[in-house]
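Try each task before reading its solution.

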Amino acid sequence: MFALMRHLSLAALLATTTLTPALAQETTDQPVFGWVEKAFVEPWGVEVKAKLDSGALTSSLDARDIERFEKDGEDWVRFRLELEDEETGELFEKTLERPVNRNLLLRGAGGTSRRPTVIMTICLGDTRYEEDFSLRNRSKMNYPVLLGRRTISHLGVLDVDKTFLSDPGCDADSKTVPYADEK
């Protein structure tokens, strides 16, 4: 049975079983992450708490003062990061401009809205991941970064009973998993 489970995709594995860290390690070579992990927002190495949320499809990043604009005929967005570094307690602020990767359509009880998404890089464990993040003011939320299913599927196995199973530790030699458009 374990040999068969090694060959299942992460999505199939998560859909068919609840894994303990020990069982996850026996059934897959992939790293195991808890539902909350520390991550670095790259390239600055700002340490944040990230919630791994299998109920969300798209990842989300705390962004302030979001402004859309056009640059060279393309849609771009300017936004400000205002993140408290978990390790040092220092406030990190940076204004960024990025091309809009896509416009996320959100439907809810309050109606519909659109949010821009941008490609950003995070470090979890010893690997960098280029991922698609919707921009939203998350200042009232416990976690400045939310990682949705699209991102989780690139990371490894999610153990929903645990937190802080890994420490971010990316350096110049760390592997980078490039963003892959999943349309």
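**Exercise 1.** Which residues touch the most other members of the largest nonpolar core?

*Solution.* Before starting, note that this is a predicted model, where local features need pLDDT of at least 70, side-chain atom pairs count only at pLDDT 80 or more, and totals for chains, interfaces and linings use all residues. Residues are numbered from 1 along each chain as its sequence is written, and side-chain values use heavy atoms, with hydrogens and water left out.

Step 1: recall that a nonpolar core is a set of buried Ala, Val, Leu, Ile, Met, Phe, Trp, Tyr and Cys residues joined through side-chain atoms within 4.5 Å; buried means under 20% relative accessible area, with a 1.4 Å probe and protein chains only.

Step 2: look among the 29 residues of this core, where Phe79, Leu81, Met120, Leu124 and Leu147 touch the most other members.

Step 3: trace the elements that each supply at least two core residues: β2, β3, β6, β7, β9, β10, β11 and α4. Helices (H or I, at least four residues) and strands (E, at least two) are DSSP runs, numbered from the N terminus.

**Exercise 2.** Find what phenylalanine 79 touches, not counting residues up to four places away in sequence.

*Solution.* Contact means heavy atoms within 4.5 Å. With that cut-off, the partners of phenylalanine 79 include Ile66, Leu96, Val118, Met120 and Leu135, and also Arg64, Asp65, Lys94 and Arg98.

**Exercise 3.** Is glutamate 47 buried or exposed?

*Solution.* Step 1: locate glutamate 47 in strand β3.

Step 1: glutamate 47 counts as buried because its relative accessibility is 9%.

Step 2: list its contacts, leaving out residues up to four places away in sequence; among them are Lys38, Phe40, Glu84, Asp85, Glu86, Glu87 and Pro168.

Step 3: compare sequence and space for glutamate 47 and glycine 89, which are 42 residues apart in sequence and 9.5 Å apart C-alpha to C-alpha.

**Exercise 4.** Work out how many helices and strands the protein has, and what share of its residues is buried.

*Solution.* Count 4 helices and 13 strands. Then take the 183 residues: 43% of them are buried. Finally, among contacts with a separation of 6 or more, 60% come from residues 24 or more positions apart.

Technical notes. Buried means under 20% relative accessible area, exposed over 50%, partly exposed in between (1.4 Å probe, protein chains only).
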